[in-house]
Amino acid sequence: MAVTVFAIVLQRNLFSVVVLAGIYSFLMATVLVALDAVDVAMTEASVGAGISTVLLLGALYLCGGEEAKPMARPWLPLAVAAVIIGALVYGTLGLPAFSDPSAPIHVHVVPRYLNEALKETGVPNVVTAVLASYRGYDTLGEVMVVFTAGAGVIALLRRARKRVDEARQ
Amino acid sequence: MRRFLVLRVVGKLLIPFMLVFAFYVLFHGDFGPGGGFQAGVIAAAVVIFYGLIFGLPAVRRMVPDAIVETMVGLGVLLYAGVGVAGLVFGGNYLDYFVLGSDPVSGQHRGIFWIEMGVAITVSGVMLKIFYMFAGRGRSLEGE
């Protein structure tokens, strides 16, 4: 994955960047499978590697395939990024060790979900039970977000097309 | 890309199975990995695949814009409607225990319809975005 990231950063041809981003998504999906997060892996493979690659290729078709040379040396953004990376790494030092069973996240509501979900909802896949039942409001919010994204795209692009039509007349 | 024989044949062979897989992911989401979001994305990917091979006009004939735009809103309404149904049957909003004869079957029914709503909205939005992008390219090309 690190190799793919460096290739994406160094590559100037946007078509290969899109393909490399798809490869990166598939590698990420395999990592998620290795972490036993199969639902997330499925989403990553279908959205990250599938649909977003198609959409990015569509965007490339509209705007051409070569990256423009940067206007100035981006020292300030580099410094900001370095500071943020430092802060995040410093923050991870305070986290409990990876897969530590006594970490706070594993002792709060997780035991109840794991033990009671099958009895209470009759759904063996705990991820589905949590998403749709215990966290139903959150999922409704997510669907609203998707809906808003779709409505926004429709509003923006349809107006653009109308303007093109007017300009033609 | 309609000229490529291999793509056309392989596409026609694969598309029914991909659609079946999308529905499998949707209906089997209770037992294995998957659920509404993944099923919606896979179903949209099937149609986008068809569009890539046979071109935008063909896919617009197969799944017209009106259907896609209806799907975008219908899924959210279905999801919210399940919540209102819980209210009607005397529970709280998005309370599934009251939807069936016993709490567990009610949960099952509620989760099923909610996943359905998620899948419909997600595939509608993905398709709409794809149509918009592809159609934009086409209209610019025509100038």
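A residue is called buried if 20 or more other C-beta atoms lie within 10 Å of its own, exposed if 12 or fewer do, and partly exposed in between, with the C-beta atoms placed from the backbone. With 12 C-beta neighbours inside 10 Å, A58(B) therefore counts as exposed. A58(B) lies in helix α3 (residues 56–62) of chain B. From A58(B) to Y96(B), 38 residues away in sequence, the C-alpha distance is 41 Å.

All of this refers to a predicted model, in which local features need pLDDT of at least 70 and side-chain atom pairs count only at pLDDT 80 or more, while totals for chains, interfaces and linings use all residues. Residues are numbered from 1 along each chain as its sequence is written, and chains are lettered from A and ligands numbered from 1 in the order in which they are written.

The model scores ipTM 0.74 and pTM 0.75. As for pLDDT (the predictor's confidence in each residue, from 0 to 100), chain A has a mean of 79, with 85% of its residues at 70 or more. Within chain A, helix α5 (residues 104–107) has the lowest confidence, a mean of 70, and helix α4 (residues 75–93) the highest, 91. Chain B also comes out at a mean of 79, and here 88% of the residues reach 70 or more. Of the elements of chain B, α5(B) has the lowest mean pLDDT, 77, whereas α1(B) has the highest, 86. Where pLDDT is low, the predicted coordinates should not be read in detail.

Next comes the make-up of each chain. Helices (DSSP runs of H or I, at least four residues) and strands (runs of E, at least two) are numbered from the N terminus. Chain A has eight helices and zero strands, and chain B has five helices and zero strands. In chain A, buried residues make up 17% of the 169 residues; in chain B, 43% of the 143 residues count as buried. Two residues are in contact if their C-beta atoms, placed from the backbone, lie within 7 Å. Taking contacts between residues at least 6 apart in sequence, 32% of those in chain A join residues at least 24 apart, and in chain B the figure is 61%.

One helix pair in chain A can be followed in some detail. The axes of helix α2 (residues 14–34) and α3(A) come within 8 Å and cross at roughly 175 degrees. Axes here are lines fitted to C-alpha atoms, for helices over the stretch in contact, and angles run from 0 to 180 degrees between N-to-C directions. On the α2(A) side, the contact includes L14(A), F15(A) and V18(A), while α3(A) brings residues including V38(A), V40(A) and A41(A). The residues of this contact divide into 16 nonpolar, four polar and one charged. Nonpolar covers Ala, Val, Leu, Ile, Met, Phe, Trp, Tyr, Cys and Pro, charged covers Asp, Glu, Lys and Arg, and the others, Gly among them, are polar.

Where the two chains meet, the contact takes 39 residues from chain A and 44 residues from chain B. On the side of chain A that touches chain B, the elements giving two or more residues are α3 (38–63), α6 (110–121), α7 (126–134) and α8 (136–168). Of these, α8(A) gives the most, with 15 residues. By class, that side of chain A has 24 nonpolar, 12 polar and three charged residues. I154(A) has its place in helix α8 of chain A and counts as partly exposed, with 19 C-beta neighbours inside 10 Å. Leaving aside neighbours within four places in sequence, I154(A) is in contact with K128(B) and M132(B).

A nonpolar core is a set of buried Ala, Val, Leu, Ile, Met, Phe, Trp, Tyr and Cys residues joined through C-beta atoms within 7 Å. The largest one has 50 residues, and those with the most contacts inside it include V41(B), I42(B) and F130(B). The elements giving two or more residues to this core are α3, α7 and α8 of chain A together with α1 (5–27), α2 (36–54), α4 (65–88) and α5 (103–142) of chain B. The most comes from α5(B), with 17 residues. Not counting residues up to four places away in sequence, I42(B) touches S46(A), M18(B), F21(B), A22(B) and V25(B).
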